[in-house]
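Please open the model in your viewer and follow the selections in the order given here.

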Amino acid sequence: GSEAPDSDRRRSCAFCKDRLDDVDFKNVGQLRRFVSERGRIRSPRLTGACRNHQRQVAVAVKRAREMALLPYAQA
């Protein structure tokens with residue numbers, strides 16, 4: 001597949017780098033980076049998030065959708 005031009009083999013987790021313990025569902029600007037244009041949660045391969053934070057992102061996105069802060073996926 002086509003790799004991102006800035007990727008240096010392995011992307012580091014942005015949350016671990018910033019020493020953030022948990023992902024906040026109210027921080028919509030941050031969550032938008034982990035959601036595609038169609039509203040789908042991006043895979044860890046694309047986001048570079050570690051397993052722990054990727055799971056937290058998924059939960060946060062789902063909560064943000066529930067609170068109508070983010071849209072649900074379009075078909």
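Select Gln56, which lies in helix 4, helices being DSSP runs of H or I of at least four residues, numbered from the N terminus. This is a predicted model, in which local features need pLDDT of at least 70 and side-chain atom pairs count only at pLDDT 80 or more, while totals for chains, interfaces and linings use all residues. Residues are numbered from 1 along each chain as its sequence is written, and side-chain values use heavy atoms, with hydrogens and water left out.

Show the side chain of Gln56, and follow it to the backbone nitrogen of Val23, which it reaches at 3.0 Å. Leaving aside residues up to four places away in sequence, Gln56 touches Asp21, Asp22 and Val23, where contact means heavy atoms within 4.5 Å.

Next, select the whole of helix 4, residues 51-66. Its buried residues (under 20% relative accessible area, 1.4 Å probe, protein chains only) include His53, Val57, Val61 and Arg65, and among the elements that cover the buried residues of this helix are helix 1 (14-17), helix 2 (28-32) and helix 3 (44-47). Just after helix 4, select Ala68, which takes a positive phi of about 65°.

Finally, select the cysteines. A search of the whole structure finds zero disulfides, a disulfide being a pair of cysteine sulfur atoms within 2.5 Å. Cys13 is in no disulfide, and the nearest cysteine sulfur, that of Cys16, is 3.8 Å away. For Cys16, likewise in no disulfide, the nearest cysteine sulfur belongs to Cys50, at 3.7 Å. Cys13 counts as buried because its relative accessibility is 8%.

Note on methods. Helix = DSSP H or I, 4+ residues; strand = E, 2+ residues; numbered from the N terminus. Expected span 1.5 Å × (residues − 1). Buried < 20%, exposed > 50% of the residue type's maximum accessible area, 1.4 Å probe, protein only. Polar contact = N/O pair within 3.5 Å; in protein donor to acceptor, adjacent residues only side chain to side chain.
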